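Some notes on this model follow, as numbered points.

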Amino acid sequence: MIVDEKAVAKRWRVPKGHVYVLEDVCKGCGFCIEFCPRKVLVQADHYNAKGYHPPEVVDAGACVMCGFCELICPDFAIWTEKGETGKLASGMNPDDGRPTGEGGNGAR
Ligand code: SF4
Ligand code: SF4
C-alpha cells in the first residue's frame, strides 16, 4: 500500500515553508529537538503509536529552514519543504508561532 506521507504528517507553517512530522515513525530520540539551532522544536506531551513523544513545533517564527532537523533524523520522520515566504499564515499565533488549525492530520 502506498501511503501519502504528506497527507498523514503533522504540518506547521514556518516563515519560509513548512515543517512536517510523521509522528508514528518517530522513535523519540530527540536529535531534531536538541540540534535545531533556533530551538523551534520541543517534545510533545502526547505519545505516538510506538509510545514515544514526537517533536512538535513550538516557535514556528524562529525557523530559518536550515533543514538540519531533516538531515539529522535517523528515521526520516521530520522534514522541511520550502514554500512561499513572508508573514505567517493567519492561523498562526503571533506570540509563539504555533499553528492553530492548519494541517493534514490534526496539526495544531
Ligand atoms: S529547519 Fe532548522 S530551524 Fe527549522 S526546525 Fe528544522 S532545524 Fe530548526
Ligand atoms: S530526530 Fe527523528 S526520530 Fe528523533 S525525535 Fe526527531 S523526528 Fe523523532
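1. Among contacts in the chain between residues at least 6 apart in sequence, those joining residues at least 24 apart make up 60%. The model is predicted, and local features are taken only where pLDDT is at least 70. Burial over the chain comes to 31% of its 108 residues.

2. Three helices and five strands make up the secondary structure of the chain. Read from the N terminus, the order of elements is α-β-β-α-β-β-α-β.

3. An open sheet is formed by three strands, in the order β1-β2-β5, with antiparallel pairing. The edges are held by β1 and β5 (78-82), each with a single partner strand, so one side of each has no neighbour in the sheet. From one strand to the next the twist averages 20°.

4. How many residues lie between β1 and β2 in their hairpin? There are two residues between these strands. The pairing of β1 with β2 (residues 17-21) is antiparallel and runs over five bridges. Two positions in this pairing can be picked out: Arg13 has His18 of β2 as its bridge partner, and Arg11 stands opposite Tyr20 in β2.

5. Is β1 largely enclosed or left open by the rest of the structure? Strand β1 covers residues 10-14, and five of its five residues are buried, so the rest of the structure largely encloses this strand.

6. Which residues are closest to ligand 1? They are Cys36, Val40, Cys63, Cys66 and Cys69, from a shell of 14 residues around ligand 1. By class, the shell around ligand 1 holds 11 nonpolar residues, two polar and one charged. Cys is counted as nonpolar in this scheme, which should be kept in mind when reading the nonpolar count of the shell.

Technical notes. Residues numbered from 1 in each chain as written. Chains lettered and ligands numbered in written order. Predicted model: local features only at pLDDT ≥ 70, side-chain atom pairs only at ≥ 80, totals over all residues. Near = placed C-beta within 6 Å. Buried ≥ 20, exposed ≤ 12 C-beta atoms within 10 Å, placed from the backbone. Helix = DSSP H or I, 4+ residues; strand = E, 2+ residues; numbered from the N terminus. Pairing = 2+ DSSP bridges. Contact = placed C-beta atoms within 7 Å. Axes fitted to C-alpha atoms, helices over the stretch in contact; angles between N-to-C directions.
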